[in-house]
Protein chains: 2
Amino acid sequence: MISDLKGTFSQISNNNKRSAIREILKLTQNPEIISFAGGLPAPESFPVDALDKIVSDMLCEEGAAVLQYDATEGVTELRELLLKKYQDEGIQCSLDNMIITTGSQQGLDLVGKIFVNQGDVVICGLPSYLGGIGAFQAYGATMAGVPMDEQGMSAELLETKLEELKQQGIKPKFIYVIPDFQNPTGITMPESRRLEIIALAHKYDVLIVEDCPYREVRFEGKPQRMMYELDNNDHVITLGTFSKIFAPGFRIGWVLGPKDVNEKIVIAKQSADLCTPTFVQKIAIGYMKSGLFETNLQKTIDLYHQRRDVMLAEMDKHMPDCVKWTRPEGGMFLFITLPEHMDALDLFHKAIEKKVAFVTGNVFYCDGSGTNTIRLNFSYVNNEKAIAGIQRLADIIKAEMLVGETC
Amino acid sequence: MISDLKGTFSQISNNNKRSAIREILKLTQNPEIISFAGGLPAPESFPVDALDKIVSDMLCEEGAAVLQYDATEGVTELRELLLKKYQDEGIQCSLDNMIITTGSQQGLDLVGKIFVNQGDVVICGLPSYLGGIGAFQAYGATMAGVPMDEQGMSAELLETKLEELKQQGIKPKFIYVIPDFQNPTGITMPESRRLEIIALAHKYDVLIVEDCPYREVRFEGKPQRMMYELDNNDHVITLGTFSKIFAPGFRIGWVLGPKDVNEKIVIAKQSADLCTPTFVQKIAIGYMKSGLFETNLQKTIDLYHQRRDVMLAEMDKHMPDCVKWTRPEGGMFLFITLPEHMDALDLFHKAIEKKVAFVTGNVFYCDGSGTNTIRLNFSYVNNEKAIAGIQRLADIIKAEMLVGETC
């Protein structure tokens with residue numbers, strides 16, 4: 001080995017930390033553990049049976065073309081099918097605005113890559129999706145957290161933050177938001193809040209990165225218009241994915257963004273992986289054209305809806321009064337706030353002993369706060385396990401209550 | 001749009017240039033043009049017929065697991081199968097040394113990402129694969145070119161370069177080599193040259209990145225041991241891929257590297273795309289286990305061998321004496337050196353008019369030299385077209401000869 005390998009690694013490599021969740025998930029792999037920790041879609045939601053015929057037809061009709069390289073921007077027909085879904089919602093967009101990525105994680109990575117220099121500021125919610133924060137931090141971003149309320153990122157505190165940065169002569173590279181059923185909180189921004197944040201982006205001349213992995217998985221309430229649509233002024237870059245509405249094992253995501261931004265993303269993607277696998281993109285085309293997409297999505301929504309209901313019912317039944325949690329209208333996660341004196345990491349180790357697992361909420365807080373919070377996933381675990389798991393978790397929390405503690 | 005989008009892009013984005021080949025390829029898309037320009041495997045080499053059953057069996061036996069996220073390092077069974085191939089060659093390696101990537105282009109990108117800071121020096125052959133140079137330059141690499149002779153990168157000139165850099169207090173991050181049937185020249189390094197370069201890497205305390213996309217596609221001559229094996233001292237990071245020996249549309253590559261390097265690559269890959277698509281990795285497992293891999297590889301080798309022979313025979317027949325070219329023992333490319341007064345770009349435009357296309361060699365020279373060179377691909381075009389194309393090309397070159405020019 002060379003004499004100073006450690007000193008040979010780049011600044012980016014040194015910025016890039018192993019995901020805290022990854023370490024937590026390793027502890028939860030014992031099959032006896034009921035785990036609410038992961039962020040996995042339910043395998044029951046995957047259209048396994050439909051794929052055999054779709055692949056078979058595709059190979060028969062298209063032959064070798066499905067095994068060849070394709071354009072860096074993605075297979076044109078898939079881009080058109082995705083655009084059509086947005087256009088049907090009334091959104092103005094064309095091929096220049098649509099790039100296929102290798103999962104929306106690659107979208108996050110490429111957005112970081114084309115915008116962030118070492119030391120640049122990126123604004124995110126407190127808390128926010130760890131994979132987004134990590135991707136931006138890898139390129140040297142200093143994350144500036146803005147607290148959330150029950151409507152998502154606080155517009156008032158966002159303005160305070162933007163003004164504070166402006167006073168210091170700092171212009172953030174972008175504001176990172178997950179407007180629908182946010183990971184980790186499950187909170188959805190109403191249109192009014194989206195408009196407030198867009199107005200601030202205009203006022204302070206800043207881009208918005210809108211991450212939408214869960215948007216289509218809505219159980220109830222009114223779908224909210226995307227910030228991309230509400231802005232309609234090239235301030236918003238939206239990331240989408242099939243991972244939660246088709247299958248994560250295909251790694252198909254997309255960027256719906258301004259033409260000038262997408263041009264840079266394509267160049268960055270070309271050196272990142274040349275193109276997303278043609279084979280899976282072609283399967284996605286067959287799947288969308290078969291009409292099964294909508295049927296299976298409804299099945300997925302129904303499944304997660306029912307799992308969320310069971311989870312909330314059990315929590316209502318067993319959790320002590322001083323524990324609070326969100327009631328998401330969709331998505332895959334809910335978020336618990338424990339009494340302030342409780343440390344979720346301490347609780348995590350006790351929970352593992354009792355064979356139940358979760359992710360400590362603090363990993364989603366770029367400032368390390370949120371030590372009394374917990375993220376629970378409700379999409380993966382079946383009802384029987386969920387019921388047993390929530391009971392175990394409630395028992396553990398109750399045992400942590402202070403003598404005579406009331407809320 | 002924000003007021004200064006251009007000023008908002010990162011240093012990396014500004015480093016990252018649109019591929020020159022990409023622009024050239026756009027000009028060659030007219031179906032009447034016989035194009036030796038691309039770097040595409042022959043679609044006839046793809047095992048289309050075998051895949052229907054492999055996918056069907058896979059869905060039946062594994063069900064939803066093939067559609068779920070999998071480990072960032074890659075699906076364990078695929079890593080084991082690849083390791084076994086190397087172990088069968090006598091190479092020492094274990095799971096810690098093997099990571100699946102989304103094509104070997106991702107391997108190049110991640111190597112750049114974990115090692116290169118703005119201004120760092122990376123050494124490469126003059127000429128070298130553009131996608132490698134581009135990936136490293138994106139992270140700010142200053143490429144230092146070392147001329148090649150008929151045995152690949154010159155060891156003597158490499159030492160001169162390393163010594164020159166040392167005098168300036170500069171340690172390059174790594175030496176980038178493509179030892180087998182190099183892109184663009186088709187040249188293979190004999191073992192003696194590999195050992196000389198490894199000795200220099202040891203002497204100057206520098207890593208080697210060994211890019212092996214074509215190694216298995218050998219028509220004749222003795223397979224050369226990989227530099228990874230010859231070194232056996234953690235100085236070499238090897239990149240492999242299925243793109244030329246199975247199907248590029250799966251985007252499956254791998255890194256065979258020292259444990260300490262691979263640990264950093266996994267972390268970087270996690271924020272890049274979480275994991276390579278599970279679905280295509282599982283297909284690759286089924287394909288390798290079916291035994292079809294070896295049969296189809298031999299078919300591919302035979303096809304390219306025969307295409308190379310036709311191409312060389314036509315060139316021998318039609319090219320004027322003062323034109324020189326390589327005679328590759330494998331791979332997909334050969335490289336032409338024209339008389340010095342000829343400009344390949346000028347020739348390219350004339351060739352497009354005559355409906356034949358190639359890539360100008362200078363795009364592979366990090367110092368912009370090689371303006372009288374041409375890369376020809378021989379894997380994609382069928383014999384009939386190759387014969388017509390080479391005749392057209394020879395005619396164009398002959399028309400450029402100076403009056404009374406002899407060689």
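In chain B of this predicted model, strand β4 (residues 142-149) runs antiparallel to β5(B) and is joined to it by two bridges. Within this pair, B:Asp149 stands opposite B:Gly152 of β5(B). Strands were taken as DSSP runs of E of at least two residues and helices as runs of H or I of at least four residues, both numbered from the N terminus; two strands were counted as paired if DSSP found at least two bridges between them. Strands of a sheet pair through backbone hydrogen bonds, either parallel or antiparallel.

The β4-β5 pair belongs to an open sheet of eight strands in chain B, with the order β2-β9-β8-β7-β6-β3-β4-β5 and mixed pairing. Strands β2 (98-102) and β5 (152-153) of chain B stand at the edges with a single partner strand each, so one side of each is left without a neighbour in the sheet. In chain A, eight strands likewise form an open, mixed sheet in the order β2-β9-β8-β7-β6-β3-β4-β5. Its edge strands are β2 (98-102) and β5 (152-153) of chain A, each pairing on one side only. A parallel pair in chain A is formed by β7 (residues 207-211) and β8 (residues 236-241), which four bridges join. A:Asp211 stands opposite A:Leu239 in β8(A).

Residues are numbered from 1 along each chain as its sequence is written, and chains are lettered from A, and ligands numbered from 1, in the order in which they are written. Local features need pLDDT of at least 70 and side-chain atom pairs count only at pLDDT 80 or more, whereas totals for chains, interfaces and linings use all residues; side-chain values use heavy atoms, with hydrogens and water left out.

The same surface serves both copies, as 100% of the contact residues of chain B recur in chain A. Contact means heavy atoms within 4.5 Å.

The contact takes 84 residues from chain B and 84 residues from chain A. About 6900 Å² is buried between the two chains, with carbon and sulfur atoms giving 60% of this area. Buried area is the accessible area (1.4 Å probe) that two parts lose on being put together, summed over both. B:Met1, B:Leu67 and B:Tyr69 supply 11% of the area that chain B buries against chain A, more than any other three residues.

Between chain B and chain A there are two salt bridges, a salt bridge being a side-chain nitrogen of Lys or Arg within 4 Å of a carboxyl oxygen of Asp or Glu. One of them joins B:Lys113 to A:Asp109, with the closest N and O atoms 2.9 Å apart. On the side of chain B that touches chain A, the elements giving two or more residues include α4 (48-62), α6 (103-115), α11 (259-273) and α12 (278-290) of chain B. The most, 11 residues, come from α11(B). By class, this side of chain B has 42 nonpolar, 25 polar and 17 charged residues. Ala, Val, Leu, Ile, Met, Phe, Trp, Tyr, Cys and Pro count as nonpolar, Asp, Glu, Lys and Arg as charged, and the others, Gly among them, as polar.

Over all chains, the structure holds 52 salt bridges. Within chain A, A:Glu44 and A:Arg307 form a salt bridge whose closest N and O atoms are 2.7 Å apart. This pair links distant parts of the chain, 263 residues apart: A:Glu44 is in the loop between β1 (34-35) and α4 (48-62), and A:Arg307 is in helix α13 (residues 292-318).

The peptide bond from A:Leu126 to A:Pro127 is cis, with omega near 5°, and A:Pro127 lies in the loop between β3 (121-126) and α7 (130-138) of chain A. A cis peptide bond also joins A:Asn183 and A:Pro184, with omega about 15°; A:Pro184 is in the loop between β6 (174-177) and α9 (191-203) of chain A.
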